[in-house]
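Colleague: I would like to go through this model with you. Could we take it topic by topic?

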Amino acid sequence: MSLTAAPFTSSPAFTEKLDQLAEVAIKVGLGLAPGQELVMTAPLDAIPLARKIAEHAYKAGASLVTTIYADDEATLLRYKYAPDAAFDKAAAWLYDGMGTAFKSGAARLAITGASPLLLSNEDPAKVSRANRAVSIAYRPALDLITRHEINWTIVAAATPAWAAAMFPNDSPEEALAKLWEAIFSTTRIGGSVDPVTNWKAHDAGLHKRAAFLNEKRYSALQYTAPGTDFRLGLSDDHVWMGGGTTAGNGLYCIPNMPTEEVFTTPHKDRADGTVTASKPLSYQGTMIEGIQVKFEAGRIVEAHATKGEEVLNQLISTDDGARRLGEVALVPHSSPISQSGITFLNTLFDENAASHIALGQAYTSCIKDGDKLSEDELAAKGANKSLIHVDWMIGSGELDIDGITATNTREPLMRKGEWVG
Ligand code: ZN
Ligand code: ZN
C-alpha cells in the first residue's frame with residue numbers, strides 16, 4: 001500500500017518557486033521597462049510559467065505581452081503527413097512580425113523546454129531543411145538579438161517530454177518534479193537568499209571575473225587534465241564577457257538564466273595538443289561519447305570518439321571553420337549545474353555545466369569593436385567562421401588551466417576545476 005502524495009507541481013512550495021522564477025526572469029533577466037512590449041515564445045506545456053511571467057511583466061508596467069506557443073504534437077503531424085516540398089517552408093510572416101516588434105521597442109523572452117528527442121525519429125534531411133528554412137526566415141529578427149539591440153532572455157520550464165528524456169527510469173510525475181527542482185536550484189531559485197539579490201550578486205561576480213581576465217590580456221591558455229594537454233591561443237583584441245549586458249536600447253539584461261560562463265574568442269590558427277571531452281556531447285539527437293581530438297595550428301587533425309565517431313567526423317567536415325574553435329569558456333567545477341551531476345540535454349544548462357570550447361563560428365562581440373569590423377578584419381584577428389557553433393565540455397574537477405602572458409610566463413588560473421584566488 002502506498003499513500004498518494006499530491007504531485008509536486010500542485011504544492012504551495014512549487015507555486016512560490018514558479019512565481020520567483022517569473023519575477024527574476026522579468027526583473028533581472030529581461031530588465032523589462034515600464035511601458036515596454038514583450039514578445040514571448042513558449043512550449044504549450046509551459047503555460048503555467050508563461051502566465052506567471054505575463055503577470056510579472058504587467059506588474060512591471062508592460063504595455064502588452066504576446067505569447068506564441070509551440071505545439072510539439074502538431075510539429076510531429078507535419079513530419080507525418082505534410083508533402084516533401086513543405087519542409088523548405090517557414091512562417092516568414094511571423095518572423096518578420098517579430099522583427100517589426102523588436103524594432104519598435106519590444107523585449108524578447110524565450111521559454112525553453114521542448115523535448116530534446118522530439119525529432120530524433122524523423123528524417124534527418126527533412127529536419128535539417130526545416131531548420132534551415134527557419135534560420136533564413138528568422139535571421140533579420142535574430143540579428144537584432146545577437147547584436148544585443150534589444151533586451152532579451154531565455155529561461156526554462158520543465159515539460160513532461162523533456163523530463164522523460166532526462167529521467168527515463170522515473171514515473172512521469174517524479175521525472176517532472178526532479179526536472180523542476182533541477183531548474184529551480186540551478187537558476188538560483190528557492191535558496192536562503194532572495195533570488196533577485198542572489199542573481200545581482202552572481203552577475204556582479206561574473207563581471208568581476210571577466211574584468212580580471214581582460215586586465216590580464218593572456219595570449220594563450222594551457223589546459224592540463226587526464227587525456228588533455230592543450231594550448232589554446234586567444235584572438236588578438238579579444239574581450240572576455242560574462243553575465244549581463246546593456247542592450248542597444250539602453251536596457252540591462254542577462255540573456256541566459258542560468259549563466260555561469262565567462263567566455264571569449266580563441267585564435268582560429270592557434271590551438272595545439274590533445275583535448276579529451278569531460279561529458280558526452282548531445283548533437284541533433286545523437287550522443288557522441290568519449291571525444292578525443294588532436295589540434296595542430298588551430299585545426300583538428302585527428303578526431304576520435306568511443307561512440308558516435310562518424311557523426312563527430314561529419315560535424316567537423318561541415319566546412320573549413322568546423323575544424324577550428326570559435327569560443328573558449330571558463331566555468332568553475334563548483335557551479336550549481338556541475339554539482340547537480342545532471343545532463344540536461346539542453347544547451348542552456350549543459351553549456352553552463354563546465355569549462356568548454358566550441359567548434360565553429362566565433363562571437364564577434366568578443367573582439368574589441370568586432371561588430372564594426374569586416375569579415376577579413378575579423379579573420380585577421382583570429383575570429384573563426386563556420387555554419388556551425390557546437391559547444392563541448394572539457395572542464396572537470398581534474399582540470400588545471402594556466403594563463404600565458406604576452407612575455408610567455410605561466411600563471412595559475414584554475415586548479416582542480418576551481419578559480420585560483
Ligand atoms: Zn559558452
Ligand atoms: Zn557556445
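This is a predicted model: local features need pLDDT of at least 70, side-chain atom pairs count only at pLDDT 80 or more; totals for chains, interfaces and linings use all residues.

Colleague: Understood. Which residues coordinate the zinc ion (ligand 1)?

Modeller: The zinc ion (ligand 1) is coordinated by Glu261, Glu327 and Glu351 through OE atoms and by His356 through NE2, at 1.8 to 2.2 Å. Along the chain, these donors follow the spacing E-x65-E-x23-E-x4-H.

Colleague: What is the geometry of the site of the zinc ion (ligand 1)?

Modeller: The site is tetrahedral, with angles of 89 to 128 degrees among the 4 donor atoms. For reference, the ideal angle for four tetrahedral donors is 109.5 degrees.

Colleague: And how far apart are the zinc ion (ligand 1) and the zinc ion (ligand 2)?

Modeller: The two zinc ions are 3.5 Å apart. Glu327 coordinates both.

Colleague: Changing topic, at what angle do helix H1 and helix H8 pack?

Modeller: H1 (residues 12-30) and H8 (residues 195-216) pack at about 45 degrees, and their axes are 9 Å apart. That angle makes H1 oblique to H8. The crossing in which H1 passes H8 is right-handed.

Colleague: Which residues meet there?

Modeller: On the H1 side they are Gln20, Glu23, Val24 and Val28, and these meet Pro195, Val196 and Trp199 in H8.

Colleague: How do the axes of H1 and helix H2 cross?

Modeller: The axes of H1 and H2 (residues 47-59) cross at roughly 50 degrees and come within 8 Å. H1 and H2 are therefore oblique to each other. H1 passes H2 in a right-handed crossing. Residues of H1 in this contact include Leu18, Leu21, Ala22 and Ile26, while those of H2 include Pro48, Leu49, Ile53 and His56.

Colleague: One last item: where is Asp371?

Modeller: Asp371 is in the loop between strand S17 (356-360) and helix H12 (375-380).

Colleague: What does Asp371 touch, leaving aside residues up to four places away in sequence?

Modeller: With those residues not counted, Asp371 touches Thr364 and Ser365. Asp371 and Arg147 are 224 residues apart in sequence, and their C-alpha atoms are 7.8 Å apart in space.

Technical notes: Residues are numbered from 1 along each chain as its sequence is written. Chains are lettered from A and ligands numbered from 1 in the order in which they are written. Side-chain values use heavy atoms; hydrogens and water are left out. Donors are N, O and S atoms within 2.8 Å of the metal (3.2 Å for Na, K and Ca); water is not among the atoms, so sites may look incomplete. Four donors count as tetrahedral if all angles lie between 85 and 135 degrees; four count as square planar and six as octahedral if opposite donors are over 155 degrees apart and all others between 65 and 115; anything else is irregular. Axes are lines fitted to C-alpha atoms, for helices over the stretch in contact, and angles run from 0 to 180 degrees between N-to-C directions. Helices (H or I, at least four residues) and strands (E, at least two) are DSSP runs, numbered from the N terminus. Angles under 35 degrees count as roughly parallel, over 145 as roughly antiparallel, 65 to 115 as roughly perpendicular and the rest as oblique. A crossing is left-handed if the near helix is turned anticlockwise from the far one by less than a right angle, and right-handed if clockwise. Contact means heavy atoms within 4.5 Å.
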